[in-house]
Amino acid sequence: MENWPTASANLTHEGRIRETGERVALLVLSDDQSANRNLLDRAAEEAAARAAIRKLLVVAFHFEADTPRREQRGRLEVLCLQANRDLAIAELKPGKRDQAFVLGGEPEIDIRAVGGGQLKVEVRGWNTYDPKTGQVRAGKPEDIDCWLLDTDHDGKSFYARRIHFPGKSQDRQLKRFKAALGRRIRPELWASMESLTSAPFRRPRSGRIAVRIITTTGDEMLAVREAPPPPTP
């Protein structure tokens, strides 16, 4: 890996994959910077201008909610890598088993119509790349700390219209909150808040639905999907 060959506000390095010789562009952000879609757009545009570059790797400690973790932009593949805090340790070993990034896939979600023009979303899981083994590891539902649902995503900003805490029925703070609400609670809505399946909601005007999950290890992943078309009369 070398510094990007020309002065750039969007790219930091150019790398070469040892096994294939493929050249890649990199954007490595410091721990006080957040990656967002606007930054990815500028970096991808500059990387795509180099004919030999087919991949852009974005390494950051923080990603804003609207940042896609993996996407194809023409011939350029953009991959976002979540940096581990261990990278701040100067003595970190450079060996294969000491890699300090995680490549998280999009959450796997299921959107289905439930009648009355309404939809439901179910979170099925997610995949992450384990650098210690070189294998893709399936995430477990019990590893989801919370998941958020934007039922009418505008394609720019994520707005959490529904928040869920699956498997947290014994959480003390939620118990106190439930007691404070008292009879104002609708049992069916409270039950969905504690599960991986949302309560029904109206079909989005934008046609898009977004789901963001946060795992117990602090990893965040976002999936944006088109809502299924309404049934034909």
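Two strands pair if DSSP finds at least two bridges between them. Strands (E, at least two residues) and helices (H or I, at least four) are DSSP runs, numbered from the N terminus. This is a predicted model: local features need pLDDT of at least 70, side-chain atom pairs count only at pLDDT 80 or more, and totals for chains, interfaces and linings use all residues. Residues are numbered from 1 along each chain as its sequence is written, and side-chain values use heavy atoms, with hydrogens and water left out.

**View 1. β10, β11 and β16 form an open sheet of three strands.** The strand order is β10-β11-β16, and the pairing is antiparallel. β10 (108–115) and β16 (201–202) are the edge strands, each pairing on one side only. Strand β11 (residues 118–125) meets β16 over two bridges, in the antiparallel sense. Leucine 119 has phenylalanine 201 of β16 as its bridge partner. Strands of a sheet pair through backbone hydrogen bonds, either parallel or antiparallel.

**View 2. Strand β14 pairs with β17 and with β15.** β14 and strand β17 (residues 208–215) run antiparallel and are joined by six bridges. Here leucine 148 stands opposite arginine 212 of β17. Three bridges link β14 to β15, again antiparallel. In that pairing, tryptophan 147 faces histidine 164 of β15. Six of the seven residues of β14 are buried (under 20% relative accessible area; exposed is over 50%, partly exposed in between; 1.4 Å probe, protein chains only). β14 is therefore largely enclosed by the rest of the structure.

**View 3. Aspartate 154 sits in the loop between β14 and β15.** The loop runs between β14 (144–150) and β15 (162–164). Aspartate 154 is partly exposed, at 42% relative accessibility. Its side chain reaches the backbone nitrogen of serine 157 at 2.9 Å. Isoleucine 209 is 55 residues from aspartate 154 in sequence, with 8.7 Å between their C-alpha atoms.

**View 4. Arginine 73 forms salt bridges with aspartate 41 and glutamate 71.** A salt bridge is a side-chain nitrogen of Lys or Arg within 4 Å of a carboxyl oxygen of Asp or Glu. The closest N and O atoms of arginine 73 and aspartate 41 are 2.8 Å apart. Arginine 73 lies in strand β7 (residues 70–73) and aspartate 41 in helix α1 (residues 37–48), so this pair ties together parts that are 32 residues apart in sequence. Both partners are partly exposed: arginine 73 at 25% relative accessibility, aspartate 41 at 31%. Glutamate 71 meets arginine 73 at 2.6 Å, N to O.

**View 5. Glu22, Lys55, Arg70 and Glu77 form one salt-bridge network.** Arginine 70 bridges to glutamate 77, with the closest N and O atoms 3.1 Å apart. Glutamate 77 is buried, with a relative accessible area of 14%. Shared partners join these salt bridges to those of Glu22 and Lys55. The whole structure holds twelve salt bridges.

**View 6. Lysine 55 belongs to strand β5 (residues 55–60).** The side chain of lysine 55 makes a polar contact with that of glutamate 22 at 3.4 Å. A polar contact is a pair of N or O atoms within 3.5 Å; within protein, one must be able to donate a hydrogen and the other to accept it, and residues adjacent in sequence count only if both atoms are side-chain atoms. Leaving out residues up to four places away in sequence, lysine 55 touches Glu22, Val24, Ala25, Leu76, Glu77 and Leu79 (heavy atoms within 4.5 Å). Glycine 15 is 40 residues from lysine 55 along the chain, and their C-alpha atoms are separated by 9.9 Å.
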